[in-house]
Amino acid sequence: MENLLYIAAIVAALAFLILCVSLAMTLFSLKKTLQSVSETMDGLSSQLEGITSETTELLNKTNKLAEDIQEKSEKLNTVVDAVKGVGESVNGFNSSIMRVSNSITTEAERNSDKIAQVVQWSNVVLGILEKVKERRNESSDGWTTYEPVAGQKRLPSPADRFQ
């Protein structure tokens, strides 16, 4: 039985030795893994610093762009207000023209008989004026004016004599 106790102690010692060796191998493997993770984290932190600086620059540019857009939007608002004022003026002008046009139309309708008489009398006056012109052209003051042929001398006209 004593032998059995020694054998049990040796088996226990061997089991503890195997346990320690396997634990040491696991810890070395874990050490390598942690070193790899540490190296990855270092690389990741340097990349994050670059991303952070680029993000900061991008944010600054975005803020400047937003300010510029705000300024231009305010300037554009004044232009829009001016165009709105012009539109209102044009609408007012159109309504004034419509009122004047309507009043002219109603007056013309009221006075259509008078307008027709004026048109008839003006046609009569124009006819008389045309007849007067025709009679003036037919009558002469006793003198006939001829146009000279190219290269001929021109005789003095009767009007030149009395000057």
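This is a predicted model: local features need pLDDT of at least 70, side-chain atom pairs count only at pLDDT 80 or more; totals for chains, interfaces and linings use all residues.
Figure 1. The protein chain contains three helices and zero strands, and its elements follow the order α-α-α from the N terminus. Mean pLDDT for the protein chain is 85, with 87% of the residues at 70 or more. Confidence is highest in helix H1, where the mean is 90, and lowest in helix H3 (residues 158-161), where the mean is 66.

Figure 2. Two salt bridges are present in the structure, and one of them joins Asp 68 to Lys 72. The closest N and O atoms of this pair are 3.3 Å apart. Both residues belong to helix H1 (residues 2-110), where a spacing of four residues places Asp 68 and Lys 72 about one turn of the helix apart. Asp 68 counts as partly exposed because its relative accessibility is 30%. Lys 72, by contrast, has a relative accessibility of 52% and therefore counts as exposed.

**Figure 3. The salt bridge between Glu 107 and Arg 110.** The side chains of Glu 107 and Arg 110 form a salt bridge with an N to O distance of 2.8 Å. Glu 107 and Arg 110 are separated by about one helical turn, because they stand three residues apart in helix H1. With a relative accessibility of 35%, Glu 107 is classed as partly exposed. Arg 110 reaches 62% relative accessibility and so is classed as exposed.

**Figure 4. A nonpolar surface patch that includes Ile 10.** Five side chains are shown in this view: Ile 10, Leu 14, Leu 17, Val 21 and Met 25, which form a nonpolar patch on the surface. Together these residues present about 500 Å² of accessible area. Ile 10, one of the patch members, is located in helix H1. The relative accessibility of Ile 10 is 51%, and Ile 10 therefore counts as exposed, the cut-off for that class being over 50%.

Notes: Residues are numbered from 1 along each chain as its sequence is written. Side-chain values use heavy atoms; hydrogens and water are left out. A salt bridge is a side-chain nitrogen of Lys or Arg within 4 Å of a carboxyl oxygen of Asp or Glu. Helices (H or I, at least four residues) and strands (E, at least two) are DSSP runs, numbered from the N terminus. Buried means under 20% relative accessible area, exposed over 50%, partly exposed in between (1.4 Å probe, protein chains only). Patches are made of residues with over 30% relative accessible area and no salt bridge: like charges are joined within 9 Å, nonpolar side chains (Val, Leu, Ile, Met, Phe, Trp, Tyr) within 5 Å. Accessible areas come from the Shrake-Rupley method with a 1.4 Å probe; for residues, only the protein chains shown count as cover. pLDDT is the predictor's confidence in each residue, from 0 to 100.
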